[in-house]
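Here's a walk through one protein chain, with the sequence and the model side by side. Take a look at both before reading on.

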Amino acid sequence: MADFSSSSHRQAGLAGSHLLGALLAILLLSWLVLDALTLYSLRVRLQHGLLHAARQASVHQARPETIAHSFSQTLSAAKVSPHDQWQLQILSPSPQAFRQHGRPSRQHAGRQAITQGWQALQHEQADLHGPSIYQANILHLYLLYAHKPGPLSLMRLLPKLPASVPNPLGSAAVWLRLEIKHPMQSDAVQWDDLADGRVVYAQYAENQAILPVSHTSWPATVGSTDTPVLNGDSSLPRWDNNSSGVHDGALPPGQSGNPANNGESATDPEAPNPACY
């Protein structure tokens, strides 16, 4: 009788431990699902912000100020955490595209501008080497976003995953990479990088498989498959920084006559500017 009672107690204890283990596994799985849904929701909001920024930039000469302002405004409206950091790289039009297809613009202090109109004619008369006029009139944005998980997120406990690297503050940051391509609706102008580093021109080829961060103090090398690591002296700019000099009211310039003539400007506002694809 005593043996039967002892066996019953052992079986009850074993069943209780199995039940507790199952409950912990369900709780952990639910936690992971919640983290996954949080990341998915963040990615959707980032994609929406990227689309809004590309649309605004396409009609405002691809101004970095317009890109940063539109993207930040969308993130603010979408209630994205202000503690996250990001950087937008302009992959296209590339510096090579501006050298090949750009012409000095009187409306923009002599900066190089790529004519958005008469693309079919430009394609016939352009050099076949390098990016075509069609590629030069595609705005290609690449987003590097460092998301700081919440205090209750399990992602804070997984700093060794390939998707997570330690930031200068010592906590794990989940890196998200997104990109978007949008046709230009105005003449693209070669601007300077923003001083705060939020929007910069990429220093590497557009077809690079894994793009490192365009920041001189980040020791990422071309072709590296590792996520770039921030050192103590550098960090991604925050999205809630105020942008200065936002020119979102600029009108797209026109163009003059035949864009292939070297003596004529590509930004004559009195000439028609059709999009000839």
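Let's start with a rule for aromatic rings: the rings of Phe, Tyr and Trp (for Trp, its six-membered ring) pair if their centres lie within 6.5 Å, and planes under 30 degrees apart count as stacked, over 60 as edge-to-face and the rest as tilted. By that rule, this structure has 1 aromatic pair. The ring centres of Phe 71 and Trp 86 sit 4.8 Å apart with the planes at 75°, so the pair is edge-to-face. It links distant parts of the chain, with Phe 71 in helix α2 and Trp 86 in strand β1, 15 residues apart. Helices (H or I, at least four residues) and strands (E, at least two) are DSSP runs, numbered from the N terminus.

A word on where this comes from: the model is predicted, local features need pLDDT of at least 70, side-chain atom pairs count only at pLDDT 80 or more, and totals for chains, interfaces and linings use all residues. Residues are numbered from 1 along each chain as its sequence is written, and side-chain values use heavy atoms, leaving out hydrogens and water.

Leaving aside neighbours within four places in sequence, Leu 46 is in contact (heavy atoms within 4.5 Å) with Phe 71, Leu 75, Leu 143, Tyr 145, Leu 176 and Leu 178.

Now for the loops. Most residues other than glycine have a negative phi, and most peptide bonds are trans. Gln 61, between α1 (2–58) and α2 (64–77), has a positive phi of about 60° and is buried, at 0% relative accessible area. Lys 79, in the loop between α2 and β1, also has a positive phi, near 60°, but Lys 79 is exposed at 70%. The peptide bond from Ser 92 to Pro 93 is cis, with omega near 0°; Pro 93 is in the loop between β1 (85–92) and α3 (95–101).

Methods
Buried means under 20% relative accessible area, exposed over 50%, partly exposed in between (1.4 Å probe, protein chains only).
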